[in-house]
Amino acid sequence: MDCSNVEIHSISEGYVVFPNVPLMRVEGPIAVVQLLETPLLNLINYASLVATNAARHRFVAGKSKLLLEFGLRRAQGPDGGIGASKYSYMGGFDATSNVAAGKLFGIPLRGTHSHAFVNSFMSPDEITDKLLYNYDGSHACEDFVSLARTWLRKLKRSHVLGGIFGETNQSELAAFTSYALAFPSNFLALVDTYDVVRSGIPNFCAVALALKDLGYKAVGIRLDSGDLAYLSCEARKFFQAIEKEFGVPDFGNTSITASNDLNEVTLDALNKQGHEIDAFGIGTHLVTCYAQPALGAVFKLVEINSQPRIKLSEDVTKVSIPCKKRCYRLYGKEGYSLVDIMIGENETPPKVGERILCRHPFNESKRAYVVPQHVEELLKCFWPGRSGKAREELPPLKLIRERCIKQLDQMRTDHLRRLNPTPYKVSVSAKLYDFIHFLWLNEAPIGELQ
């Protein structure tokens, strides 16, 4: 298929977009352009849906929390899993557990072991290779298992911690010790296999303190079940008590990660309850877009042979906005975007400081004058065909992610809130408004009553 006569203008990846504003304008021979409908919609719909879902989770969690994408096992096949990792990162997540996506796109990798790893051990005596060199490699600990056990006995005799736990699960201690021997610089333990407070946390702390003796710093723990708010607070108290009693600097700030079918609602509930969680691992609800499984972008003909076309419907939201258009975002003096406006291809673009009438495309009474302090054109040429236009370069994924975060910072919080958000204004110029309604009346058949 020859696309040399096709020209594509698009809104840049990572931008916040709103209903009725074209994501993309495709020009060219109608047979070729029509064949592009399905692949373009397939590429745009799922990607935009996942990135939006990720951004919504980021908004609820807050900027200070780490967000980890853990969804590969629940994603729609391997292609869906790879794409979900990429677009979650684009939407504001910090890392993924999907190693293939990390290799392909340069996304930071974060993960931990499974419950099966803990269950697979029976006793610390199973560990045969107990040697661990200290952080700078200058000397070796011949028996790291004994060092961890020594620390566990110290914790048990502690005045502050002694009454909290008794005998911990020794197979869990074996699993943690083995994992630390393999990954001493990335030791993050899943602590809820048997009992979080009475076994998981003490066992983790014993191994973490043994690592500290050799110059390593444990990453933290992961909670995957139970009352996450309560357990995170108990874990934080445990860490802080160790820092105070044993004089271990910064141990009280050891990272706490939570997972277990998290979504926007549970993140919001945890914030209201109060918690000590530093990072969230989110899988099913993120990659499957559980709350809204499809986006619904459409591909409509708006002009042919320089003649504008309109698609009518009894449902006003499905009426298309005719003719080739240019789209602009107008910003106010506080730096927030005020309104998006569409104008005809040959109209004069809006200018800074110049008052412009913005009209709702279909509602006659909704209109406002806007004096923009900054004007940004949204549709840029990414595929010039034979037009000779300058082509926009595609930035690296990391820059797209930064753009997305910056875009969200430029939106008013009342537009982004979960409950009853303020509708963002999408408008047309006065000239385009008049033309839409002229064409509407011209194309709609006139009924006859007898």
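Modeller: Helix H2 (residues 37-61) and helix H10 (residues 264-273) pack with their axes 9 Å apart, at an angle of about 5°. Axes are lines fitted to C-alpha atoms, for helices over the stretch in contact, and angles run from 0 to 180 degrees between N-to-C directions. Helices (H or I, at least four residues) and strands (E, at least two) are DSSP runs, numbered from the N terminus. Mind that this is a predicted model: local features need pLDDT of at least 70, side-chain atom pairs count only at pLDDT 80 or more, and totals for chains, interfaces and linings use all residues. Residues are numbered from 1 along each chain as its sequence is written, and side-chain values use heavy atoms, with hydrogens and water left out.

Biologist: Are H2 and H10 roughly parallel or roughly antiparallel to each other?

Modeller: Angles under 35 degrees count as roughly parallel, over 145 as roughly antiparallel, 65 to 115 as roughly perpendicular and the rest as oblique. Their angle is about 5°. H2 and H10 are therefore roughly parallel.

Biologist: Which residues of H10 make the contact with H2?

Modeller: Contact means heavy atoms within 4.5 Å. H2 brings Asn53, Arg56, His57, Val60 and Ala61. On the H10 side, you'll find Glu264, Leu267, Asp268 and Asn271.

Biologist: Which residue stands opposite Ala95 of S4?

Modeller: Strand S3 (residues 66-69) pairs with S4 in the parallel sense, over two bridges. Opposite Ala95 stands Leu68.

Biologist: Is Ile356 buried or exposed?

Modeller: Ile356 sits in strand S15 (residues 356-359). Buried means under 20% relative accessible area, exposed over 50%, partly exposed in between (1.4 Å probe, protein chains only). Ile356 has 15% relative accessibility, so it counts as buried.

Biologist: Stepping back, what is the radius of gyration of the chain?

Modeller: The chain holds 14 helices and 19 strands. The radius of gyration is taken over C-alpha atoms, and the globule rule is 2.2 Å times the number of residues to the power 0.38. That rule gives 22 Å for 450 residues, and the chain is well over it, so it is more spread out than a compact globule: its radius of gyration is 28 Å.

Technical notes: Two strands pair if DSSP finds at least two bridges between them.
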